[in-house]
Amino acid sequence: MRQYIDCREFPSEMKCTVAIAADTEKELIDAAVQHAVSVHGEKDTPSFRAEIKKVIHSGTPPA
């Protein structure tokens, strides 16, 4: 089943509107962490990955 994470759920100064979707949890977390590190300045740590996992939704992002 398709899964997604939507940056719009996390207000920030940059008002990020990126939504990332994938078919597997691992692929989604890897892509979301890469985005968070490169765009938002986050650190790729096990605890950050655990936090990302908590905000995964089933389906596709709303328009």
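The model is a predicted one, in which local features need pLDDT of at least 70 and side-chain atom pairs count only at pLDDT 80 or more, while totals for chains, interfaces and linings use all residues. Residues are numbered from 1 along each chain as its sequence is written, and side-chain values use heavy atoms, with hydrogens and water left out.

The description begins with the sheet. Strands of a sheet pair through backbone hydrogen bonds, either parallel or antiparallel. Here three strands form an open sheet in the order 2-1-3, with antiparallel pairing, and its edge strands, strand 2 (19–22) and strand 3 (57–58), each pair on one side only. Helices (H or I, at least four residues) and strands (E, at least two) are DSSP runs, numbered from the N terminus, and two strands pair if DSSP finds at least two bridges between them. Strand 1 and strand 2 are joined in the antiparallel sense over four bridges, with Ile-5 opposite Ile-20 of strand 2. The antiparallel pairing of strand 1 with strand 3 runs over two bridges, and there Tyr-4 stands opposite His-57.

In a regular strand the side chains alternate between the two faces of the sheet. Strand 1 is covered on both faces, since Gln-3 and Ile-5 on one side and Tyr-4 and Asp-6 on the other are all buried, where buried means under 20% relative accessible area, exposed over 50%, and partly exposed in between (1.4 Å probe, protein chains only). Strand 2, by contrast, has a covered face with Ile-20 and Ala-22 and an uncovered one with Ala-19 and Ala-21.

Gln-3 lies in strand 1 (residues 3–6) and counts as buried because its relative accessible area is 15%. Leaving aside residues up to four places away in sequence, Gln-3 touches several residues, among them Ile-20, Leu-28, Ile-56 and His-57, a contact being heavy atoms within 4.5 Å.

Helix 1 (residues 25–40) lies across strand 1 and strand 2, and runs at about 155° to strand 2; axes are lines fitted to C-alpha atoms, for helices over the stretch in contact, and angles run from 0 to 180 degrees between N-to-C directions. Ala-32 belongs to this helix and is buried because its relative accessibility is 4%. Beyond residues up to four places away in sequence, Ala-32 touches Ile-5, Ile-20 and Ile-52.

The largest pocket has a volume of about 330 Å³. Of the 16 residues that line the largest pocket, Cys-7, Phe-10, Ala-36, Phe-48 and Ile-52 are the closest to its centre. On a 1 Å grid over the protein atoms alone, a pocket is an open set of points where a 1.4 Å probe fits, with protein on both sides within 12 Å along at least five of seven lines, and lining residues have an atom within 4 Å of a point. Helix 1 and helix 2 (46–54) each supply at least two residues of this lining, and helix 1 gives the most, with four residues.

Lys-15 is found in the loop between strand 1 and strand 2, and it counts as exposed because its relative accessibility is 66%. Most residues other than glycine have a negative phi. Lys-15 has a positive phi of about 50° although it is not a glycine.

Definitions and conventions:
Grid points are joined across faces, edges and corners, and a volume is the space filled by probe spheres set on the points.
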